Protein chains: 2
Amino acid sequence: MLVEGVHFRKGASLEAVGWKGMAVNISDIAAMGGVPRHAVVSMGLPKKSPHAAAQRLSLGLRRCAKRFGVNWVGGDTVQSRGVVLDVAILGEVEPKRLIKRTGARPGDLLLVTGRLGGAVRSGRHLTFTPRVAEGRVLGAQTKLHAMIDISDGLLTDCARLCSASRVGAILETGCIPRHRGAGLKSALCGGEDFELLMAVAESEAGPLLRWAKQNLKSGLTCVGHVVARRPGQGQVVCVDTKGKRPSIHCRGFQHFK
Amino acid sequence: MLVEGVHFRKGASLEAVGWKGMAVNISDIAAMGGVPRHAVVSMGLPKKSPHAAAQRLSLGLRRCAKRFGVNWVGGDTVQSRGVVLDVAILGEVEPKRLIKRTGARPGDLLLVTGRLGGAVRSGRHLTFTPRVAEGRVLGAQTKLHAMIDISDGLLTDCARLCSASRVGAILETGCIPRHRGAGLKSALCGGEDFELLMAVAESEAGPLLRWAKQNLKSGLTCVGHVVARRPGQGQVVCVDTKGKRPSIHCRGFQHFK
């Protein structure tokens, strides 16, 4: 659910908001190894010029739906104070190719598609391409133990994956692929990247990374590994190339403080 | 999508709002002859005491989901100015038992479950029971040509059914079953009744009404019939017992004026 004044400012391009509303949902399907199929869309529109707002939102929604083969099958349109957009999506995946957050095992390597950081500053958070194709082809190449899309920052979403799998993780800060101009903190904590983070058996990771180098346009990078969970310690620990813990403090995006 | 200040006033029982958010969706499934199965729920919550609001909404949502065997499988929780609730639901129906809005034919009789009018004044609009069982058993008894749930008033939703079926309708105002204390205008235009309106072949309507008298607790009443569409004339015409057109002017609920 995207809310004016919270997720985008009043006056933002509603076409971009429409694209994003569809794309964040498609990204969730991509993170499970699936293909997005059908979407329902609810719009809350301001009393003043609701039709113009609906049209702009619809442009972006339709463009994104078309790009990813999604049928926009229905929804609701109501009055609200600011613009509110909510999309629900149904995806399909072969049972054998379903990837959950729960399967990461100690010893797995953690791989990430694309580059991280600076999404909001650069405007990429409104125009990003969900990694459906990447999720599909990587899942077809190798058994992925667990996967999640990075919506709230690498640290936060890595912790979510670890929590679901009851494991811990060590991220190597020197390895994290960053967008040009993005600092380490932004790459770790900025959020809204919508890249995929996955856990793969160590023996499979080498061949997969080599395959990706030839075939995966977005790129694929090893950023750390999964460890057994140690009670009382942080679920995700960042280390630099000397094995020292750099002092990174961030909590990802907190919906409620 | 239910929005504070538009669909319910600030300070309303959020448990009731939760029930309604789930129930209006279940009602849409009922109107197609289906069974509701899975729901995703998005909540926009105020910065101030979001957890309390989420808990109250969840109570109502869960109660309604449980009552109708719906799995609440996921959703989203975000910050917003006032409370916003959006539910998307997936239902199932045997292909042969799917009922659309498009199949009404001239000569069909129009039947309605339950009683109409006064829903908002009485508070029934927040506590109503979606007619899933009625939709199922009526569809099993007889081939229903078309069906719709009455959310925006009998006149408005009858016009929607007629428009989808490319036909017209004549409603007999003297036949419309009303709640105690509800006037004719409220029964025709009040909305939020969430009863089912269906079109049935005339030959089937008699047996169905007799069956319903014995077996359908909500009741079932003939309120009019379907006619061929006459270009340039209103899609739905109301007549009183003398065949005169009573002067009823309402437009149902207009989301945007």
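The model is predicted.

The meeting of the two chains comes first. On one side, 25 residues of chain A are in contact, and they touch 24 residues of chain B. The size of an interface is often given as the accessible area lost when the parts come together. Here, the area buried between chain A and chain B comes to about 2100 Å². Carbon and sulfur atoms give 67% of that buried area. What about charge pairing across the boundary: how many salt bridges are there between chain A and chain B? The count is zero. Polar contacts do turn up, though, with four residue pairs found across the interface of chain A and chain B, both residues being at pLDDT 80 or more.

Which strands of chain A supply at least two residues each to the side that touches chain B? These are β2 (35–45), β3 (71–79) and β4 (84–92). β2(A) gives the most to this side, with five residues.

Next come the rings. A pair of aromatic rings is described by the distance of the centres and the angle of the planes. Over all chains, a search of the whole structure turns up two aromatic pairs. One of them joins A:F128 and A:F194, which are stacked with 4.1 Å from centre to centre and 10° between the planes. This pair links distant parts of the chain, 66 residues apart. A:F128 sits in the loop between α4 (124–127) and α5 (132–141) of chain A, while A:F194 is in the loop between α7 (184–189) and β8 (196–200) of chain A. Both A:F128 and A:F194 are buried.

In chain B, B:F128 and B:F194 also form a stacked pair, at 4.1 Å centre to centre and with 10° between the planes. B:F128 lies in the loop between α4 (124–127) and α5 (132–141) of chain B and B:F194 in the loop between α7 (184–189) and β8 (196–200) of chain B, so this pair ties together parts that are 66 residues apart in sequence. B:F128 counts as buried because its relative accessibility is 6%, and B:F194 counts as buried because its value is 5%.

Last, the salt bridges. Side chains of opposite charge can pair when their charged atoms come close. The whole structure holds 20 salt bridges over all chains. One of them is between A:R63 and A:E15, at 3.4 Å from N to O. Here A:R63 belongs to helix α2 (residues 50–67) of chain A and A:E15 to helix α1 (residues 14–30) of chain A, 48 residues apart. A:R63 is partly exposed, with a relative accessible area of 43%. There is a network here too: salt bridges link A:E15, A:R56 and A:R63.

Another salt bridge joins A:R37 and A:E92, at 2.7 Å from N to O. A:R37 lies in strand β2 of chain A and A:E92 in strand β4 of chain A, so the pair ties together parts that are 55 residues apart in sequence. A:R37 counts as partly exposed at 33% relative accessibility, and A:E92 counts as partly exposed at 48%. A:D152 and A:R160 form a salt bridge as well, with their closest N and O atoms 3.0 Å apart. Is A:D152 buried or exposed? A:D152 is buried, at a relative accessible area of 10%, whereas A:R160 is partly exposed at 31%.

Definitions and conventions:
Residues are numbered from 1 along each chain as its sequence is written. Chains are lettered from A and ligands numbered from 1 in the order in which they are written. This is a predicted model: local features need pLDDT of at least 70, side-chain atom pairs count only at pLDDT 80 or more; totals for chains, interfaces and linings use all residues. Side-chain values use heavy atoms; hydrogens and water are left out. Contact means heavy atoms within 4.5 Å. Buried area is the accessible area (1.4 Å probe) that two parts lose on being put together, summed over both. A salt bridge is a side-chain nitrogen of Lys or Arg within 4 Å of a carboxyl oxygen of Asp or Glu. A polar contact is a pair of N or O atoms within 3.5 Å; within protein, one must be able to donate a hydrogen and the other to accept it, and residues adjacent in sequence count only if both atoms are side-chain atoms. Helices (H or I, at least four residues) and strands (E, at least two) are DSSP runs, numbered from the N terminus. Rings of Phe, Tyr and Trp (its six-membered ring) pair if their centres lie within 6.5 Å; planes under 30 degrees apart count as stacked, over 60 as edge-to-face and the rest as tilted. Buried means under 20% relative accessible area, exposed over 50%, partly exposed in between (1.4 Å probe, protein chains only).
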